[in-house]
Amino acid sequence: MTRARFAGATLAVFACAATLLAQSPAPSAPSPSPSASPRASPPPFRVEVDVDVVSVTAVVYDKAGKFVRGLGPKDIEVLEDGVPQDVSYFREAAGAGPERIPLSVALVLDCSGSMRHNMHFMQEGALAFVNKLEEVDSALVVSFNESVKGSTEFSGDSGRLEQFVEGLEAWGGTSLYDAIHYGLGRIRDQPGRKAIVVFSDGADTTSSIKEQEVIDYARSVEATIYSIAIKGESGMLARSPRGFLRRVAQETGGQYFFPDKVADLIKIFSAVSDELHNHYLLAYTPKRPPDGSWREIVIRLRERKDAEVRVRKGYFAVKRRRPPAPTTSN
């Protein structure tokens with residue numbers, strides 16, 4: 001097989017994996033509209049795919065926290081519920097030229113009233129992130145207070161994204177759960193790698209969606225979530241979003257950051273950007289047919305005992321319901 005044919009074949013495998021994992025939840029839970037927060041609480045979400053291929057984004061790092069490069073499929077072992085799986089696709093995301101895998105990111109930014117004194121720090125961090133997007137990447141900016149608003153479409157135009165970020169203003173309540181759900185709905189069908197970077201300074205106060213529903217939905221969308229939280233100005237008795245933001249990041253294979261200084265936000269946004277451009281992408285066909293169960297995913301390195309792997313915790317292996325065949329009349 002020539003190199004060109006091999007590259008085409010591997011890209012086809014990943015495209016298949018991304019498409020399968022991007023299948024919609026149940027038809028009764030449509031994607032939120034581009035300009036409004038979802039207001040009705042949906043039923044629990046599940047990944048509904050034929051499970052022909054499962055795709056996984058993996059971050060491999062050493063004890064110093066540096067990304068480990070140059071690995072191949074023979075360097076890892078993939079386990080689903082403890083059973084070894086055969087890897088059919090493996091690639092380092094930071095390839096060169098046409099082999100670079102596109103990245104789609106939703107920036108979910110808190111614009112509630114408590115952000116009024118820290119808004120410019122968040123904006124500077126978000127702008128630094130936008131300016132590190134590469135040519136094949138695209139982003140969507142989602143702002144939230146007691147409502148949720150997203151920039152029109154995913155865009156690679158940094159000037160357009162900067163304009164949206166610079167126009168953000170602080171007021172109102174905090175619909176954190178609605179905003180993350182909205183971001184997941186918008187990014188679900190994007191090509192390539194998918195990630196959500198969420199920033200907030202306070203716990204949810206005005207969402208219509210519950211915390212566990214957001215966790216379930218995050219599990220069902222092949223997107224890595226990175227959470228950033230700072231202490232708001234609401235006083236000692238205010239609730240913190242840290243527990244929720246930590247959990248949703250861990251469930252999806254991302255990271256959470258709780259800086260003591262808002263001035264560190266630029267550094268954190270830059271660190272998230274660097275990691276998003278240093279992933280491994282892999283795919284496998286499960287050896288067990290779909291049965292509606294939760295499947296745990298574990299990836300281990302065969303030789304590198306000095307390094308660790310971070311991936312999403314798993315997925316629901318629910319066979320997608322197909323519409324009934326049309327009937328014909330005589």
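Asp62 stands opposite Ala307 in E13. The model discussed here is predicted.

Reader: What makes E1 and E13 count as paired strands?

Author: Two strands pair if at least two bridges are found between them. Four bridges join E1, residues 54–62, to E13, and the two run antiparallel, so E1 and E13 meet the criterion for a pair.

Reader: Why are E4 and E13 called edge strands?

Author: The open sheet has the order E4-E11-E1-E13, with antiparallel pairing. E4 (87–92) and E13 each have a single partner strand, so one side of each lacks a neighbour in the sheet. On average, neighbouring strands here are turned by 25 degrees against each other, direction ignored.

Reader: Why is Val309 called partly exposed?

Author: Val309 lies in strand E13, residues 307–310. Its relative accessible area is 21%. Buried means under 20% and exposed means over 50%, so Val309 falls in between and is partly exposed. Val309 touches Ala58, Val59, Val60, Ile299 and Leu301, leaving aside residues up to four places away in sequence. Val59 is 250 residues from Val309 in sequence, yet their C-alpha atoms are 5.6 Å apart.

Reader: How do you know that H4 and H5 are roughly parallel?

Author: Helix H4 (residues 176–187) packs against helix H5 (residues 211–220) at an angle of about 20 degrees, with axes 10 Å apart. Angles under 35 degrees count as roughly parallel, so H4 and H5 qualify. Contact residues include Tyr177 and Leu184 of H4 and Val214 and Tyr217 of H5. The residues of this contact comprise six nonpolar, two polar and one charged.

Note on methods. Residues are numbered from 1 along each chain as its sequence is written. This is a predicted model: local features need pLDDT of at least 70, side-chain atom pairs count only at pLDDT 80 or more; totals for chains, interfaces and linings use all residues. Side-chain values use heavy atoms; hydrogens and water are left out. Buried means under 20% relative accessible area, exposed over 50%, partly exposed in between (1.4 Å probe, protein chains only). Contact means heavy atoms within 4.5 Å. Axes are lines fitted to C-alpha atoms, for helices over the stretch in contact, and angles run from 0 to 180 degrees between N-to-C directions. Angles under 35 degrees count as roughly parallel, over 145 as roughly antiparallel, 65 to 115 as roughly perpendicular and the rest as oblique. Ala, Val, Leu, Ile, Met, Phe, Trp, Tyr, Cys and Pro count as nonpolar, Asp, Glu, Lys and Arg as charged, and the others, Gly among them, as polar.
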